[in-house]
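Visitor: Could you walk me through this protein, one step at a time?

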Amino acid sequence: MKTLPLLAVVLTLTSFGPKPKLTTVKLAPGLSVAVPQGFTPLPDAAIAAKFPSPRKPLAVFSNPSGRVDYSVGVRPTTFGPDYNILLPMYKASVQRLYTKVEFLTQEVRKVNGRDFVALEFISTLTDSRRLAIALAPVRKYEYIEYAVQGEQLYIFSFSAPAEEQAQWRPVAQAALGDIDLK
């Protein structure tokens, strides 16, 4: 019973913490994002090494240590913008990618007057190979938002080590809460 008042005090004090400092970056006509200060764009070679995929992200920004990334991707889609249908579909897609997923947020939310599917979670990926030396599980804090614009799906993804979630969660929420897609 004594922990409830203490928890309330801690939550109250942390809610008045400094707002993360963001810089607005225009990525394409009709698309601007807020990037945390200190993050720098990755060059194409670094993007190819860090995000091996046939579809290169539109942009990737990393913090100075390179452990935290904010990426923006775009791909064609045939799905219309019925976000209540897209939410469970993308949630299931995320669950298939990892060994374990602990969702913190799973909702359709408005950002600058536009609907987005928002998924915030801790992911765990374990080494499933049957080798004598198994790799340690990789745990990440991830915040992903999806938006459909015409025939394009935009994917905004913030990723940090799970052990740094307390530090990066307010930054991710602020950055992904300041997307301007027209």
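**The sheet and its helices**

Visitor: In what order do the strands of the open sheet stand?

Guide: The model is a predicted one, in which local features need pLDDT of at least 70, side-chain atom pairs count only at pLDDT 80 or more, and totals for chains, interfaces and linings use all residues. Residues are numbered from 1 along each chain as its sequence is written, and side-chain values use heavy atoms, with hydrogens and water left out. Strands (E, at least two residues) and helices (H or I, at least four) are DSSP runs numbered from the N terminus, and two strands pair if DSSP finds at least two bridges between them. With antiparallel pairing, the 7 strands of the open sheet take the order β3-β4-β5-β9-β8-β7-β6.

Visitor: Which strands does helix α3 touch?

Guide: Helix α3, residues 83-97, packs on the sheet, and its direction makes about 15° with that of β7, where angles run from 0 to 180 degrees between N-to-C directions and axes are lines fitted to C-alpha atoms, for helices over the stretch in contact. Contact means heavy atoms within 4.5 Å, and the strands touched by α3 are β6, β7 (114-125), β8 (138-149) and β9 (152-161).

Visitor: At what angle to β8 does helix α4 run?

Guide: Helix α4, residues 165-176, lies across β5, β6, β7, β8 and β9. Its angle to β8 is about 5°.

Visitor: Which residue in β5 stands opposite Val-60?

Guide: Strands β4 (residues 59-62) and β5 (residues 69-76) run antiparallel and are joined by 4 bridges. Opposite Val-60, the residue in β5 is Ser-71.
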